[in-house]
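Student: I have a structure to go through and a few quick questions. Can you take them one at a time?

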Amino acid sequence: MSFDRVANYYQWMEKIVFRTDLEKVRNFHLSLVRDAESILILGDGDGRFLKNISEIGTDAQIVSVDSSSEMIRLSQSRIHSTELDVRHVCQDLRDFEFTENFSPDLILSLIHISEPTRPERIWVG
């Protein structure tokens, strides 16, 4: 499923449906990125999480995978003036494979947020 058609409206749609719950869940494990050397983010969407990472600071190499090219465009626009080392990959997560010598020490999946009131259930590996 691609979010291309709703990408420009996603942030306000999310706020109408979930208020700030999803934002809280996304940021629950934000402190883990400080010490990471390499991070894989699955389903980052429009880059709000990456922007928050830039605000707390990290030197990590980041690979952000999303199936929506429009969400990736929004993400790139949101973080273009940051110092983050991010490589965006537009690909269905079911088909994603590491194509280079990248071994993340932190993996964050932001796509399976099914219980926004239980942020401890976000998958962190």
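Student: Which elements do the buried residues of helix 4 pack against?

Tutor: They pack against helix 1 (10-18), helix 3 (48-56), strand 2 (61-66) and strand 3 (85-90). Before going on: this is a predicted model, in which local features need pLDDT of at least 70 and side-chain atom pairs count only at pLDDT 80 or more, while totals for chains, interfaces and linings use all residues. Residues are numbered from 1 along each chain as its sequence is written, and side-chain values use heavy atoms, with hydrogens and water left out.

Student: Which residues of helix 4 are buried?

Tutor: In helix 4 (residues 69-79), the buried ones are E70, M71, I72, L74, S75 and I79. Buried means under 20% relative accessible area, exposed over 50%, and partly exposed in between (1.4 Å probe, protein chains only). Helices (H or I, at least four residues) and strands (E, at least two) are DSSP runs, numbered from the N terminus.

Student: And Q76, where is that?

Tutor: Q76 lies in helix 4 and is partly exposed, at 41% relative accessibility. Its C-alpha atom is 8.2 Å from that of D46, a residue 30 positions away along the chain.

Student: OK, D46. What does D46 form with R48?

Tutor: A salt bridge, with the closest N and O atoms 3.0 Å apart. The term means a side-chain nitrogen of Lys or Arg within 4 Å of a carboxyl oxygen of Asp or Glu.

Student: Are D46 and R48 buried or exposed?

Tutor: D46 is buried at 5% relative accessibility, and R48 is buried at 7%.

Student: What does R78 do with D46?

Tutor: Their side chains also meet in a salt bridge, at 3.4 Å from N to O. R78 is in helix 4 and D46 is in the loop between strand 1 (38-42) and helix 3, so this pair ties together parts that are 32 residues apart in sequence. R78 itself is partly exposed, with a relative accessible area of 28%.

Student: How many salt bridges does the structure hold?

Tutor: The structure holds 4. One of them joins the side chains of R73 and E70 at 2.5 Å, N to O. Both of these residues lie in helix 4, 3 residues apart, which is about one turn of the helix. R73 is partly exposed at 39% relative accessibility. Salt bridges with shared partners also join D46, R48 and R78 into one network.

Student: Switching to strand 1. Why is strand 1 largely enclosed?

Tutor: Because 5 of the 5 residues of strand 1 are buried, the rest of the structure largely encloses it. S38, L40 and L42 point one way, I39 and I41 the other, and all are buried. In a regular strand the side chains alternate between the two faces of the sheet.

Student: Which strands does strand 1 pair with?

Tutor: Strand 1 pairs with strand 2 in the parallel sense over 5 bridges, and with strand 4 (residues 106-109), also parallel, over 4 bridges. Pairing requires that DSSP finds at least two bridges between two strands. S38 has Q61 of strand 2 as its bridge partner, and I39 has L106 of strand 4.

Student: What about the whole protein, how do the elements run?

Tutor: From the N terminus on, the order is α-α-β-α-β-α-β-β-β, with 4 helices and 5 strands. The protein has 125 residues, of which 43% count as buried.

Methods
Contact means heavy atoms within 4.5 Å.
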